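Subject: Handover of a structure and the findings from it

Dear colleague,

Please find below the structure that I am handing over to you, together with its sequence. My notes on what was found in it follow.

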Amino acid sequence: MAMMMELNNGLKMPIMGLGVWRMEGKSIRDLILNAIKIGYRHFDCAADYKNEAEVGEALAEAFQTGLVKREDLFVTTKLWNSDHGHVVEACKDSLKKLQLEYLDLYLVHFPIATKHTGVGATASALDQDGVLEIDTTISLETTWHAMEDLVSMGLVRSIGISNYDIFLTRDCLAYSKVKPAVNQVETHPYFQRDSLVKFCQKHGICVTAHTPLGGAAANTEWFGSVSCLDDPVLKVR
């Protein structure tokens with residue numbers, strides 16, 4: 001039985017989750033099914049990972065073969081920046097790809113709205129100068145109220161935020177009718193976000209750590225940082 005964290009709406013989320021970022025192609029099926037077999041019950045997805053359909057096929061197989069029941073899993077996915085003005089459509093698109101009737105958790109992936117590129121498309125539109133094209137007509141408050149509608153529609157059980165700093169989290173608490181259940185942020189031994197984590201916990205928002213091992217391959221590629229797994233201070237001998 002997976003260890004659980006109770007969210008501020010009374011629902012429970014497995015503490016350990018498997019993120020599917022960078023999972024590609026046919027390998028996803030075996031990764032998902034094997035993860036379920038060894039005890040994973042929480043899967044963290046996103047439209048921007050461009051693999052929701054493959055994850056959905058693996059989940060469908062798990063349900064059809066009796067490996068696990070839908071109610072035994074906690075599935076998270078995320079609203080991409082270009083869909084802030086199309087929240088319901090984007091959520092339904094993710095549900096269709098994941099072959100699910102509801103999401104356990106839906107997050108605003110980043111606190112920024114960019115030019116719409118088509119529901120389900122996760123391109124980052126650039127202007128003529130090659131700069132990210134921000135949509136200044138959509139506020140984060142507008143986006144959040146659309147997220148709240150997903151709960152009342154029964155499409156989503158819990159909603160949350162991701163990559164919000166302490167000030168944006170505070171603002172979300174001020175304008176929300178349904179409080180964010182989760183804030184998923186980068187936090188790991190190299191970047192502990194102590195003030196943000198304490199603020200969220202004080203206000204009943206569960207903190208989910210993404211890149212909990214310091215980014216590993218991604219941050220090594222992008223920033224030249226050492227993976228926590230290779231850090232002599234952190235290695236378990």
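This is a predicted model: local features need pLDDT of at least 70, side-chain atom pairs count only at pLDDT 80 or more; totals for chains, interfaces and linings use all residues.

Is Asn163 buried, partly exposed or exposed? Asn163 counts as partly exposed, because its relative accessibility is 22%, and the class of buried residues ends under 20%.

Asn163 and Gln99

Asn163 lies in the loop that connects S7 with helix H5 (166-175). The backbone of Asn163 deserves a remark: its phi is near 65 degrees, a positive value in a residue other than glycine. Gln99 is a further case, with phi near 60 degrees, again positive in a residue other than glycine. The loop that holds Gln99 runs between H3 and strand S6 (103-108). With a relative accessible area of 45%, Gln99 is partly exposed.

The sheet

I turn next to the strands. Strands of a sheet pair through backbone hydrogen bonds, in either a parallel or an antiparallel sense. In this model, 7 strands form an open sheet with parallel pairing, in the order S3-S4-S5-S6-S7-S8-S9. Strand S3 (18-19) and strand S9 (206-210) stand at the edges; each has a single partner strand, so one side of each is left without a neighbour in the sheet.

Two of the pairings can be described in further detail. S4 and S5 run parallel and are joined by 3 bridges; Asp44 has Thr76 in S5 as its bridge partner. Strand S5 (residues 74-79) is mostly covered, with 6 of its 6 residues buried. Strand S7 (residues 156-162) pairs with strand S8 (residues 182-186) in the parallel sense, over 2 bridges. There, Ser162 has Gln184 in S8 as its bridge partner.

The annotated residue

Which residue does UniProt list for "active site"? The record, an unreviewed entry, lists Tyr49. Tyr49 is placed in the loop between strand S4 (42-44) and helix H2 (52-64). Its relative accessible area is 17%, and Tyr49 is therefore buried. Apart from neighbours within four places in sequence, the residues in contact with Tyr49 are Val20, Trp21, Asp44, Lys78 and His109.

Gly56 belongs to helix H2. Gly56 has a relative accessible area of 0% and is therefore buried. When neighbours within four places in sequence are left aside, Gly56 is in contact with Lys97, Leu98 and Gln99. Gln99 in this list is the residue described above with a positive phi.

Gly25 is found in the loop between S3 and helix H1 (27-37). Gly25 is partly exposed, as its relative accessible area is 43%. For Gly25 and Val156, the separation is 131 residues in sequence and 27 Å in space, C-alpha to C-alpha.

Cavity and pocket

How many cavities of 30 Å³ or more does a search of the whole structure find? The search finds 1. The largest cavity holds about 30 Å³ of space. Its lining consists of Ala47, Glu52, Asp83, Ala90, Asp93, Ser94, Lys97 and Gly120. Helix H3 (residues 87-98) supplies the largest share of this lining, with 4 residues. By class, the lining of the largest cavity has 2 nonpolar, 2 polar and 4 charged residues. Lys97, one of these lining residues, is also among the contacts of Gly56.

The second largest pocket has a volume of about 320 Å³. This pocket is lined by 16 residues, of which Met4, Lys12, Glu71, Asp72 and Leu73 are the closest to its centre. The elements giving two or more residues to the lining are strand S2 (12-14) and S7. The lining of the second largest pocket comprises 8 nonpolar, 2 polar and 6 charged residues.

With kind regards

Terms used. Residues are numbered from 1 along each chain as its sequence is written. Side-chain values use heavy atoms; hydrogens and water are left out. UniProt positions are given in the numbering used here, feature names are shortened, and annotations may be inferred rather than shown by experiment. Buried means under 20% relative accessible area, exposed over 50%, partly exposed in between (1.4 Å probe, protein chains only). Contact means heavy atoms within 4.5 Å. On a 1 Å grid over the protein atoms alone, a cavity is a set of points where a 1.4 Å probe fits but cannot get out, and a pocket is an open set with protein on both sides within 12 Å along at least five of seven lines; lining residues have an atom within 4 Å of a point. Grid points are joined across faces, edges and corners, and a volume is the space filled by probe spheres set on the points. Ala, Val, Leu, Ile, Met, Phe, Trp, Tyr, Cys and Pro count as nonpolar, Asp, Glu, Lys and Arg as charged, and the others, Gly among them, as polar. Two strands pair if DSSP finds at least two bridges between them.
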